[in-house]
Every structure is written in C-alpha cells, then in structure tokens.
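Biologist: I'm new to this one. Could you walk me through how to read it?

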Amino acid sequence: MNLDEYKYKDLIHRCFRCGYCKFPTHWDDVTNCPSYARFRMESYSNGGRLWLIYAWLTGEIPWSEHLTQILYTCTSCKSCVEKCPLSFNEDIVNMTVAAKAAMVEMGRLPNLVKKFFQNVQLYGNPYGIDAQKRSDWMNGMPVESYGGQEYLYYVGCEGAYDTRAQKAARATAQLLIDGGVSFGVLGNEELCDGNEVDMMGEEALLENLATRNIQQFSDLGVKNIITLSPHAYNVFKNKYPEFGGHFNVYHSTQIFADLVKAGRLSLPDKSGARITFHDPCFLGRWNDEYTAPRKVIKAVKGADFIEMDRSKKGALCCGGGGGNFYTDFLGGSEESPARIRVREARDAKADILAVACPNCLTMLEDAAKAEGLDDQLKVMDIAEIFCQV
Ligand code: SF4
Ligand code: SF4
C-alpha cells in the first residue's frame, strides 16, 4: 500500500508528535498509553506509531516484521483520543486499525495474529476450541436456550471458554435469574462477536461474523441483547448497524444497576471491604458508561468504594484489547500494563479489584499473581461480588 491508497492519507501527516497522547492529565513519570508504558520507546506511542505508518506509506522505511508487531501492540484503548489536542483525534486509533488492515491485505502478520484469525474462522472463537464446547460454561445451571425471551444473554468467547471468565459468565447468569430477568442463551450456536477482529483490521472476517450473527439474531426474533463483555457490547451497538443489525444492546452492569434500583437483587454484605473499580476501555472510553458499574458496586453493604488515581476517562487499559489478551504482545514485564494497574489498586489500599469485562478479569488476575498480590487483592467481576456459582 502507498499513501494514496490509505484511507487517512489527508489526516495522518497532521500528527506533529507532540506526545500529549501518551501522558495522563498530570505530567509525571506515568503514561496512559499501555504500549508506551510497556516498551518506553516513542514508536510504541500513538504519535510515534503514526509517524512510522506514514514513513512506511511514503516509502521512507521498508515493511518489517517489527513494524507489524508495533502496530499490534496498540490495544485500541482510546486513551490517546482523550489526550490528543487536535481536531482529528477521534480518528487516531482508526489510523492504526487501517494500517493493520493493510497488513491483513498483504498477508504479512505476526504468527499469533494469524492464528487468532484462523481460529475464529475455523472454530468461531480465537482459542481454537471445539464449537460444541461453547455451552460448557453453564453446565448444571437452569439457563434456557433463547426462544422469544425478553433478552438474549450473549456470553462471548472469553466467558464461554476461558475457565476463569466462565465463573463471571455463570455469576452473571445467576444474577439475571435472581433478578427475575427473562433471558435465554444461544449455547453452542453462539459465534464470536468480532470486536477484536475489527480492532485487528480483518474487515472481511468482521463482515462475515456480523452478517451471520445478525442473521441468527433476526431469525430468532432477538430485540434486546445483554452482553457479558464490553467488547461485544461495543461491536453490537456501534458496528452492527453498518451491516443492518439494529438491536437494543445492554452491558450486564446496566441491567444490574436497574435491578438494584428496583430492589430486585439481594445485596451482599462485605463489611470492612475496600473495593475499587477498573474501567474497561470498551465500556468507558468507547461508550461513555462510567456510572452503571459504580452504582452496582456502591450498593454492596458495608464496603467502602474507592477510586484509583487513574479512573474513568483516565483509567489505564489492562493491556488486553486489540486481541492482546490472546497475543500478549505487552506481557512479560513488570511494566506490562496489567501489572502496573494491580499495583495502582494496591496503592489505593483496595482488597477487591472489581472488573466488568472478562478480558480485564483474566489479565488483572494473572497480573496480581505475578506481583505476588493475590493474597491481599482479589480480582472479581462485579457479578461475582454478588454471587459465586
Ligand atoms: S496523535 Fe495527537 S497528541 Fe499524539 S503526538 Fe500526534 S498530534 Fe500529538
Ligand atoms: S489506543 Fe491505547 S494503546 Fe493504542 S496508541 Fe492509543 S493509548 Fe496507546
């Protein structure tokens, strides 16, 4: 690809590499771009990455595996969008996604990215696990198949297959049952939602997944969807309309907040606990939902709710977005964003780090173990604070 063929050819040169995009609101030795925090090299910040893309498009530098890997360390967390002072800031993450799409088109991808796409194509999930095991997460639970209930509960690949995230999927289903919500699931018929595929630049695969999901939802008469993952929430809400899929989409914490308000959930007693909350990028910065999860946590009896230094729009990403929960390009260091984040929770003197995303759950729990904090800091999905099944 050359500059003329690039979707953002009239915008990309406008980044003047001021560096504002990688810092939090206060200037000190912390950074809010997870890939820059991990590697501490300009080319891993948004500005540096855009300049690399520009240099590649104009032929100043050749393609290299290293260039592609740098692109895929961007987690699409959107923190840079919040910080960039220029009017084109809404497009700066899309510019990297478009460069990833060019890599997909050329077939020059890191092996782990290739594997991710192959698994989604062959098995309907990035883990490469048999689609017939997709419903294993709900074994023994009284969960109905979808057939005209008010809501479809869309569990997603992490909740269905990752053994840690399965517990969050179960707790969420149980809370919906406890709250008297009419819902059903797709079981083994559920298919990857495609949010990560989108963020990783595989446009044809996203279209394939979105079209098949929309067809299935429409055939079943689905109107309202509850998602476990903010990633699925984001793609259903913001991307599926482009493919003709128009549904009312809710994240589970939005439903829980309504159930709490209506007095339809029994509130757990966690006397003496100090709970903090890690905002998931695809609920917070991508969809501006900061209130619902906090309402639910604040309903827990006897607990203190505390904010970490960085929260809401300024929260540090766990490092799992853009497929990195699978590829783990940001792993393997004390400066891996998930490890920085659990240290922030420790510094806030929290004993429960509440999350609302299965990716954050697995990333941060692994990080707490790596930091030797797992005895003093429990990483829990908000639903698990209410019930564990
Ligand atoms: S993306 Fe925006 S904030 Fe970042 S270096 Fe470029 S102009 Fe500056
Ligand atoms: S989206 Fe996140 S990881 Fe990517 S450049 Fe922006 S701040 Fe860094």
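This is a predicted model: local features need pLDDT of at least 70, side-chain atom pairs count only at pLDDT 80 or more; totals for chains, interfaces and linings use all residues.

Biologist: Which residues come nearest to ligand 2?

Modeller: Cys33, Asn46, Cys74, Cys77 and Cys80 do, out of 13 residues around the ligand. Looking at elements, helix H1 (34–39) and helix H4 (79–83) are the ones that give two or more residues to this shell.

Biologist: And how many residues surround ligand 1?

Modeller: There are 15, and Cys15, Cys18, Cys21, Gly47 and Cys84 are the closest. Helix H2 (46–57) and H4 each supply at least two residues of that shell, and H2 gives the most, with three. By class, the shell around ligand 1 has 10 nonpolar, three polar and two charged residues.

Biologist: Now the helices. What describes two packed helices?

Modeller: The angle between their axes, together with the distance between the axes. Here, take helix H8 (residues 163–178) and helix H16 (residues 358–370): they pack at an angle of about 135°, and their axes are 9 Å apart. H8 is therefore oblique to H16.

Biologist: What is the handedness of the H8 and H16 crossing?

Modeller: The crossing of H8 and H16 is right-handed.

Biologist: Which residues of H8 and H16 meet?

Modeller: On the H8 side, look for Arg164, Ala165 and Ala168; they meet Pro358, Leu361, Thr362 and Glu365 in H16. Sorted by class, this contact of H8 with H16 has four nonpolar, one polar and two charged residues.

Definitions and conventions: Residues are numbered from 1 along each chain as its sequence is written. Chains are lettered from A and ligands numbered from 1 in the order in which they are written. A residue is near a molecule or strand if its C-beta atom, placed from the backbone, lies within 6 Å of it. Helices (H or I, at least four residues) and strands (E, at least two) are DSSP runs, numbered from the N terminus. Ala, Val, Leu, Ile, Met, Phe, Trp, Tyr, Cys and Pro count as nonpolar, Asp, Glu, Lys and Arg as charged, and the others, Gly among them, as polar. Axes are lines fitted to C-alpha atoms, for helices over the stretch in contact, and angles run from 0 to 180 degrees between N-to-C directions. Angles under 35 degrees count as roughly parallel, over 145 as roughly antiparallel, 65 to 115 as roughly perpendicular and the rest as oblique. A crossing is left-handed if the near helix is turned anticlockwise from the far one by less than a right angle, and right-handed if clockwise. Two residues are in contact if their C-beta atoms, placed from the backbone, lie within 7 Å.
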